[in-house]
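Open the model in your viewer and keep the selection panel at hand. We will go from stop to stop.

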Amino acid sequence: MIKEKNNNNYIIHILLLIFSFLISLYLLGLNNLNFLNKDWLYLGDLSQYQIGWEFFRNDSWKFPLGSNLNYGLGLGSSIVFTDSIPLFAFIFKLLKNFLPENFQYFSTWIFLSIYLQLLLSYLIILSLTKNFYFSIIGMFFFILAPIFLQRSGIHLSQLGQWIILFSFYIELSNSKIKPILRGTNLILSSLINFYFTIMLLILNSLTYLFILIKKKSLYKKIVVEIILIYSLLFIIMYGVGYFMISPEDGLGGGYGYFNLNLNSFFNPTGYNNSYSFNWSILMPMLPLQNGEYEGFSYLGIGGFFLLFFSTISFFKKKKNFFISNKQILSIFIIFVTLSISNNINFGEINILSIDLNNYILGVLSSVRSSGRLIWPVYYLILILGIFFIFNYFSEKKRFIILISLLLIQLIDLSSGLKEYFKGKQYNYVEEKIFKSEDNFWDNLSSKITTLRSIEFKNKSELYDDLRNVFLNYNFKKTDIVYLARYSRKNIPLNNYSLVESFLNKDIDIFKKTAFLTKDLNIVRNIHFLYGKNLYYYFRNDIWIITNQYIVKPNNIESSKDNLEIKKIILNKKIDIIESNNLNYGFGWNKHSKGLASDGNYSSIIFKLDKKRCSDKFYLRLNVENYFDKIKKDFNLYLNNKILSKKNLNLIPLKINCKNIEDHYILKFEYKEPVSLRELKRGLNYSKRSIILKEIEIIN
């Protein structure tokens, strides 16, 4: 592959492997480099990668092969949607019988990505310059690139930026199998991270376009190549599990929010999962807007010079360069435009905001973090700048200039590099790990296979608190998940089905299953329905409800004050937002104005004080329609007897004073609740009707 007169193929690979190991050691530290240590995979999205892989590993093979149904339970979960690097997930699932239980492959992935980043940048420069030593020096700009190193602490699959370099190298090479290499790289990208697939689709399309402009006779050949490659890509993506959810669910909000700021090349504001920091010892941190940290692309002081040289290079004739100025300009315009999005910002100033057609916005939403699309431009700047130095300076000067710029770059970036020393970017607060509850979770995992949320949503606060539980205990199934994409329609359907099961007092749903919530109101409702048929545990600020005895209940769990339905104080208005003295049941979601109805019905359970009993009770409700200008009707029941709604400020209640200590269930039954999706106002399928703002019982 590397044609050197000294035939030093082995030497360069050994050299690159040594460099890769040392850089990996710097970034991870020796302890985290160990594939038997997964403690560092905790903060931010890091836990998502490892947890997703572990559920995938422990499940049987299904089709699509990337199916990860035990992680999500009906949400169309695939190994793709946990960003667990599907390529590695497949390889190591095949080897799972030979792997230790606490195995992780992400440190191996980091090492491999560093090696390929070095190798491909070396090969690109070598192909352009034919100079071994110049190429060795030049490749360090690519491994020191802040856009590369920063991803090592937050989005591990996106360390595969060598895929972009491989795309450039393919076009640079004289290989006769370029179509095969293009197709291979494109398919490989889909097995790593879909953002790379999008980048390659654009780059390859531009390549085909300029080949046709240059030689129209290749039309049929290119059409055949596109059909074959894209057909194979579709088959691979289908098998991996990309299409386990609808195309609509593949769209993600955020285009125009996670974009590129016009100051990004010069802004050294870096971040990890714990804090932000300055990558530069010379440049000040500049302001950003919204989620523009996704467009982070600081070049460094040495990189500024390469940007300057690449700009000059654009206006000069370039011999032996692999793409023309028109192609370079096309890449810059397309990727910069998509990266900036429809919100053009410079620092804190919004220069222009463009309203996009919903269909156009829908297509662009597949790249919600559009700021990442600046990466091909970033690497092209480095390649052009280094190529210019080699071409337009004498042999002695070119080395002096390149080495000087590398030293300047290293000095400037030293401020950021120290934030990655020995895995500093993975450090977390030890108190979050809940080691004191190990005995409880260990016993629970020995009796329970499935953990479920009572009020499911993607990446709920339950997930954040249970990351360490999933990383350390072997539960087989869960819907307490964090997925990049999921079936939006199935979320409310699953929730409504579960509520039906609870209301029917279905005890079978607790077979090998524990239900979790942080909402004490929900716990009281379940206790009201099931009573002593279940056990109620409160650990790590979470209520765990199961039909299995796990450990002796603590004081909080055994306190009747926690589990009993509360009394409503008569003649006292309850403001839903401010008051905790209301036991709302199933079918509500907290809203900024009160309680929003969710589903076909919702309820409130209460008791009354017998000392204040009288023959006449009245109910007052302050209710608002959930949607503006859309009035939704509902029926109102007290213990299954319908109530009058002629005047919501004075609804008569028939209550027998002899039985006043009984529980009362106020039930709202909605007529044709509607979702944002049905109204074509959004993608949420939850059915809404009213917002309950205040309630009062008077006598």
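**Stop 1: a leucine and its core**

Select leucine 516. Leaving out residues up to four places away in sequence, leucine 516 touches Trp441, Leu451, Arg452, Ser453, Ile454, Glu455, Leu462, Leu466, Ile480, Ile542, Trp543 and Ile544 (contact: heavy atoms within 4.5 Å). This is a predicted model: local features need pLDDT of at least 70, side-chain atom pairs count only at pLDDT 80 or more, and totals for chains, interfaces and linings use all residues. Numbering starts from 1 along each chain as its sequence is written, and side-chain values use heavy atoms, without hydrogens and water.

Now select Leu156, Tyr379, Trp441, Leu444 and Leu516. They have the most contacts inside the largest nonpolar core, which has 162 residues. A nonpolar core is a set of buried Ala, Val, Leu, Ile, Met, Phe, Trp, Tyr and Cys residues joined through side-chain atoms within 4.5 Å. Buried means under 20% relative accessible area, with a 1.4 Å probe and protein chains only. Helix 4 (residues 106–129) gives this core its largest share, 15 residues. Helices are DSSP runs of H or I, at least four residues, numbered from the N terminus.

Next, pick Tyr584, Trp588, Leu643 and Ile697. They are among the 29 residues of a second, separate core.

**Stop 2: helix 11**

Select residues 300–314. Buried here are Gly300, Ile301, Gly302, Gly303, Phe304, Leu306, Leu307, Phe309, Ser310 and Ser313. What do they pack against? Show helix 5 (132–143), helix 14 (375–392) and helix 15 (395–417): these are the partners of the buried residues of helix 11.

Note on methods:
Buried < 20%, exposed > 50% of the residue type's maximum accessible area, 1.4 Å probe, protein only. Helix = DSSP H or I, 4+ residues; strand = E, 2+ residues; numbered from the N terminus.
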